[in-house]
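Colleague: Hi! Could you walk me through this one while I have it open?

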Amino acid sequence: MRSWSQPGMSRDHRRSFHFKICFGFGRKFPFPEVRPPSDVQQLFERYSENGTMTIDHLHRFLVDYQMEKDATREDAMSVLHSLRHHIMYRKELNLDHFFRYLLSDQNPPVLPSVHHDMNAPLAHYYMYTGHNSYLTGNQLSSDSSFEPIVKALKKGVRVIELDLWPNSTGGKVKVCHGGTLTSPVDLNKCLHATKDHAFLASEFPVVITFEDHLTPRLQAKVAKMVTKTFESKLYRPDSDQLAEFPSPESLKRKILISTKPPKEYLESQTSMEKEETTAQSEGYSDEGENDQDEEEKNVIPEYKHLIAIHAGKPKGRLENSLRIDMSKVRRLSLSEQELGDMSRTHGQDIVRFTQRNLLRIYPKGTRFDSSNYDPLLGWMHGAQMVAFNMQGYGKYLWIMEGMFRSNGRCGYVKKPDFLLNPDNIFDPREPLPVKKSLKVTVYMGEGWHLDFKKTHFDQFSPPDFFVRVGIAGVPADSIMRRTRAIEDDWTPVWNEEFEFPLTVPELAILRIEVLEYDTTGHHDFGGQTCLPVSELREGIRGVPLHSRKGVKYRSVKLLVRFEFLAPYSEQDYDG
């Protein structure tokens, strides 16, 4: 602080002006040249000659080091072709070209094509499933619109949920979250949005689950709307009740309706149901299972014939709903809380049920903010439709997106064989030995200076990035670890290794999150991705990062090596 007074003034009459003198120092941080990590340099030396990597050298690298056993010389040629802007017409790579290839989209961490067997029944697949798919925001007061449906379908979501209600006059059907302040959207707009965008991201079937609260007259109207809108795309089963679900392959480019009739208009059965409930509280009865059939007799034929996947929950004890009828298959819905309760005492019953039938899990009613829950509990028990709110973002939604990066992002992922074995029902609560370990080497990252403003992370200096890396999976496998923070560097080099023992690698999701270190502990977000461990390609891969909302950045990537190790008991041990 400095004072100023005019000359000639007495001490008492001088006017003092206080001001601050600020000195600005401009710190310059030249952008460093990005150099390949030492491991990459050594690999290039091993698979090249005189500083040049030929097509044959590259082919050998793909087969021997990247573990691409089926790679051909033509695949190596394709890599060179992808780098044509860098190498022009040459047919060999130097170190920089090789480094660029490792970080390119030509070297993804998971296979980009459909490669699972798609000829098994629908019950053998996890299905990318949305909850209240029409909502734009929270569950209480947000707008309803067809646009979230379009967005979900473009992401590869295969199961859409619509809540059907009569409008204020009772003459039309609206879609909204009943009993809340959410605004409605016209059903016809939702149906046409589904038809127009159903198969842009995937050819495999789309399922629309109706939670309907309609009169028989409005159900007849819905039947006509659905039939007229979807035409030949609508799948109608040959019989009223399927003994086994068709396969995704046989249902390509088909739209299926799944629903149960509304209870509001089945008043005639009320007294009978009360009597049956008393009997069922003592144990399961055949009449309880037939409640679904009795309800469907009240549905007009046109509406009933729309239903490809029958939904229903027998009355009585909750565990009774897991009863298996070998003559027909159905869909059961449980809240996340109901699943949690039942899994503690009836875990194997749930797994057995999901070997033939479909199980849908939905968020508890108190998730007003459209948050989500851990999907692993559902997946561990074979639940095919783990329904998620797609309106926001966060860890669990990232994990869901990671699971469905499997199998070419087609929206269907084949369940592990151990969940489908009828002779040895998997027990999710039983401790398991380590099957394999995943070794992850985080080399470096780049691209933030292209996708972010230079002052985004810090006003006066480059960012201090660190990486959190770990596993989302069964409880025994779940863990998160982190690298050190690299100060003042837009292209940080970490060169750190992590090893993760896995008891159920088939359900493990690799989580990667980059943060910019802040001394307050409120670290800035720098990108994330989740990847299915069962689909990881061994070797050094370029891993694209995504925003909080799951949008892929144009330039931000990590260079990471993946390696699977046998359990310690199976590894060579000297000593």
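Predicted model: local features only at pLDDT ≥ 70, side-chain atom pairs only at ≥ 80, totals over all residues.

Colleague: Which residue does the side chain of Glu513 meet in a salt bridge?

Modeller: Arg468, with 3.4 Å from N to O. Glu513 sits in strand E20 (residues 509-516) and Arg468 in strand E17 (residues 465-472), so the pair ties together parts that are 45 residues apart in sequence.

Colleague: And is Arg468 buried or partly exposed?

Modeller: Partly exposed, at a relative accessible area of 25%.

Colleague: How many salt bridges does a search of the whole structure find?

Modeller: The search finds 20. One of them joins the side chains of Arg73 and Asp56, at 2.9 Å from N to O. Arg73 belongs to helix H3 (residues 73-82) and Asp56 to helix H2 (residues 55-64), so this pair ties together parts that are 17 residues apart in sequence.

Colleague: How accessible are Arg73 and Asp56?

Modeller: Arg73 counts as partly exposed at 42% relative accessibility, and Asp56 counts as partly exposed at 45%.

Colleague: What about Arg360: which side chain does it meet in a salt bridge?

Modeller: That is Glu161, at 3.0 Å from N to O. The pair links distant parts of the chain, with Arg360 in strand E13 (residues 358-362) and Glu161 in strand E6, 199 residues apart. Arg360 is buried, with a relative accessible area of 6%, and Glu161 is buried as well, at 3%.

Colleague: Which residues are linked in a network of salt bridges?

Modeller: Look at Glu68, Arg537 and Arg541, which are linked in such a network.

Colleague: How many bridges pair E13 and E14?

Modeller: Two, in the parallel sense. Ile361 stands opposite Val386 in E14.

Colleague: Now E23. Which strand pairs with it over nine bridges?

Modeller: Strand E16 (residues 436-446) does, in the antiparallel sense, and E23 itself covers residues 552-565. Within that pairing, Ser437 stands opposite Leu565 in E23.

Colleague: How many bridges join E22 to E23?

Modeller: Seven, and those two strands also run antiparallel, with E22 spanning residues 539-546. Ile540 has Arg561 in E23 as its bridge partner.

Colleague: What sits between E22 and E23?

Modeller: Five residues, and the two strands form a hairpin. In the turn, Gly550 has a positive phi of about 85 degrees.

Colleague: Switching to helices: which residues of H6 are buried?

Modeller: Pro148, Ile149, Val150, Ala152 and Leu153 are buried in H6, which runs over residues 147-155. The buried residues of this helix pack against strand E6 (159-166), helix H7 (187-197) and strand E9 (206-212). Just after H6, Gly156 takes a positive phi of about 105 degrees.

Colleague: And which residues are buried in H7?

Modeller: Leu187, Cys190, Leu191, Ala193, Thr194 and His197. They cover an arc of only 160 degrees around the axis, which puts them on the same side of H7.

Colleague: Why do residues three or four places apart point the same way in an α-helix?

Modeller: Because an α-helix has 3.6 residues a turn.

Colleague: What caps the N-terminal end of H7?

Modeller: Asp186 does, through a side-chain oxygen that lies 3.1 Å from the backbone nitrogen of Asn188.

Colleague: Last topic, aromatics. How many aromatic pairs does the count come to?

Modeller: The count comes to 17. Among them, Phe457 and Phe465 form an edge-to-face pair, 5.1 Å centre to centre with 85 degrees between the planes.

Colleague: Are Phe457 and Phe465 buried or exposed?

Modeller: Both Phe457 and Phe465 are buried.

Colleague: Which residues form one aromatic cluster?

Modeller: Phe457 and Phe465 belong to it, and the cluster also takes in Trp448, Phe452, Trp490 and Tyr553.

Colleague: Great, thanks for the tour!

Terms used
Residues numbered from 1 in each chain as written. Heavy atoms only, no water. Pairing = 2+ DSSP bridges. Helix = DSSP H or I, 4+ residues; strand = E, 2+ residues; numbered from the N terminus. Buried < 20%, exposed > 50% of the residue type's maximum accessible area, 1.4 Å probe, protein only. Contact = heavy atoms within 4.5 Å. Arc of directions from axis to C-beta. Polar contact = N/O pair within 3.5 Å; in protein donor to acceptor, adjacent residues only side chain to side chain. Salt bridge = Lys/Arg side-chain N within 4 Å of Asp/Glu carboxyl O. Phe/Tyr/Trp six-rings, centres within 6.5 Å; stacked < 30°, edge-to-face > 60°.
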